[in-house]
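Here are my notes after a look through the coordinates. Have the structure open while you read.

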Amino acid sequence: MQPCSCDTFVALPPSTVGQRIIFGKNSDRPCDEVQEVVYFPARDYNAGEKVECTYIEVEQVAHTHAVVLSRPAWLWGAEMGANEHQVCVGNEAVWGRESADGDEALLGMDLVRLALERADTAEKAVDVITELLEKYGQGGSCMEDESGFTYHNSFLISDRTEAWLLETAGKYWAAERVEDGHRNISNQYGITTKIDKEHPEMREYARSKGWWDGKTQFNFATVYSFITTARIEAAGSRYCEGKKLLEKSNGRITAETMMDILRDKDSGINMEGMFMTTGSMVSVIPRDPSLPGVHYFTATPDPERSVFKPFIFVKNLKPLEETTSPSYGPDDPVKKKPRFQSKPDRKHELFVKHELVAAIMDSFKERGKKIKESMRSLEKQKMAQMEELLSHGVEEPDFLVNLFSSSVKEEVAVYSKS
C-alpha cells in the first residue's frame with residue numbers, strides 16, 4: 001500500500017459568490033479508520049498546566065477557543081476543523097528531502113487542533129504552529145498500528161479575510177499569504193518563490209545540505225522536494241485535477257461547488273481503496289463579522305453517499321454525542337507502551353448506522369438510489385436554511401444549540417425509513 005492522503009481547498013472573493021470564503025477538505029485515511037466530529041468549548045487554565053496531546057505533553061495556554069473538529073477517533077488532534085473566530089485549518093501529509101522518521105513528538109494533526117484552540121486569525125495560526133514546531137518538533141506514527149507511517153505536514157488555514165499556506169520539513173518551514181482567488185493542496189510542496197514568512201535558518205540549512213547553491217532564486221518546493229517519487233506523482237495528478245475543478249467554477253464557487261469537488265471520484269479526490277475519504281468538511285465564512293460561519297461535516301466515509309450537516313458556533317452548545325466515538329481513557333492501546341497492541345471498537349452511533357446503509361446501497365441498486373435521493377434532499381433542505389442565516393444573521397441563537405445533532409438525527413431517520 002502506497003499511503004497517500006487528503007486534498008484541501010480554499011476559495012476567496014472574487015472566486016466565490018458574494019463576499020464569502022469557502023474552505024473544504026477530504027480527509028483520506030486507512031479505510032477501516034473511524035472519523036468522529038467533536039466539539040470542545042472555550043476554556044481557561046491555570047499557569048503551569050499541561051495538555052496531553054497524542055504522544056507528548058505540551059504547556060497549556062491561559063485560554064483556549066471553542067473548536068469543532070473532525071478527527072481520527074484514536075488521537076488527540078484533528079484532520080480539520082474550525083474555531084469560534086471562524087479560523088479553519090486542514091493539514092496534508094508531505095514528504096521531501098528532510099527525513100520524516102523522527103521520535104514521537106507532535107503530530108501534524110495535533111498542530112491543527114492546537115492552532116485552532118490558540119489562534120483567532122489565520123496568520124496567528126501560522127505563528128502558533130511554527131512556534132510549537134520549533135519547541136517540540138513533529139513526529140510519531142500517523143496511523144493506529146505499528147507500521148511507523150510518518151510524514152511532514154503542510155497546512156491550509158483561512159479566516160474571514162485571507163488564507164495562509166504553511167509547509168514544513170522537520171522544524172523548517174515557509175508560509176505564503178493568499179489574499180484572493182483560490183488555492184488547493186495535496187501531498188506535495190506547493191510554495192515556490194513567493195514566501196511571506198519563513199524559518200530564519202531555512203535557506204542556510206538547505207545550502208548546508210547541498211540542496212541550494214545560495215545564488216539562484218530560492219524556490220521552496222524545488223529545494224525541499226524529492227526529485228521524483230510515486231507518492232508525489234499521484235498527489236500531483238490530484239492537485240492538478242483539483243485546481244482544474246476550482247478553475248471551472250472560478251467566480252461562482254459556492255458551498256455546493258466545494259461539496260461537488262470533494263465528491264469527485266474521477267479525479268481521485270474522493271478516494272477509494274485501502275486509503276479512502278473517511279471524513280469531509282466544507283465551511284462558508286462571510287467576510288461580514290456580523291454574519292455566522294457555517295461548517296458542514298459528514299462524520300462518515302465517502303462524501304458521495306454522506307450528508308454534509310451544518311454546525312454554527314453559538315453559546316451553550318452541547319457535546320455532539322451521535323458522532324463522538326467511545327473513549328477508553330488510560331486503558332486505550334494508543335496510550336499504553338508498547339503502543340497499538342490491539343484496536344478497540346471506535347465506531348460512533350452515526351458511523352454504525354451509515355455502515356449498514358452503505359452495505360444496502362452496495363447490494364441493492366434501486367433501493368440505494370432512493371436512499372441517496374433522500375440524503376441529498378435532506379442536505380439541500382439544511383443548506384437552504386443555512387443560506388437564510390448566512391444572508392441575514394442569527395436572531396435566535398438558542399435554536400441552533402442542537403443544530404448539528406438534530407441534523408444527524410434527521411439523517412438517521414432517513415436511514416431508518418430505508
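1. Start with the buried side of helix 8. In this predicted model, its buried residues are Gly368, Ile371, Met375, Arg376, Leu378, Glu379, Lys382, Met383, Met386, Leu389 and Leu390. Note that Arg376, Glu379 and Lys382 are on that list along with the Leu and Met residues. For reading such a list, remember that residues three or four places apart point the same way, because an α-helix has 3.6 residues a turn.

2. As for its length, helix 8 covers residues 365–392, 28 residues in total. From first C-alpha to last it reaches 41 Å, close to the 40 Å expected at 1.5 Å a residue.

3. Which residues touch the most other members of the largest nonpolar core? They are Phe218, Phe220, Tyr224, Val282 and Tyr296, out of 80 residues. Helix 8 supplies the largest share of this core, with 7 residues. There is also a second, separate core of 46 residues, with Val38, Cys53, Val126 and Ile129 among them.

4. Phe218 is worth a click. Beyond its neighbours within four places in sequence, Phe218 contacts Thr192, Thr193, Ile195, Met202, Arg203, Ala206, Trp212, Val223 and Tyr224.

5. Last one: Ser280, in strand 16 (residues 275–286). Ser280 counts as buried because its relative accessibility is 0%. Its side chain makes a polar contact of 2.7 Å with the side chain of Asn26. Leaving out neighbours within four places in sequence, the residues in contact with Ser280 include Lys25, Met80, Leu262, Tyr296, Phe297 and Phe308.

How values were computed
Residues are numbered from 1 along each chain as its sequence is written. This is a predicted model: local features need pLDDT of at least 70, side-chain atom pairs count only at pLDDT 80 or more; totals for chains, interfaces and linings use all residues. Side-chain values use heavy atoms; hydrogens and water are left out. Helices (H or I, at least four residues) and strands (E, at least two) are DSSP runs, numbered from the N terminus. The expected span of a helix is 1.5 Å times one less than its number of residues. Buried means under 20% relative accessible area, exposed over 50%, partly exposed in between (1.4 Å probe, protein chains only). A polar contact is a pair of N or O atoms within 3.5 Å; within protein, one must be able to donate a hydrogen and the other to accept it, and residues adjacent in sequence count only if both atoms are side-chain atoms. Contact means heavy atoms within 4.5 Å. A nonpolar core is a set of buried Ala, Val, Leu, Ile, Met, Phe, Trp, Tyr and Cys residues joined through side-chain atoms within 4.5 Å.
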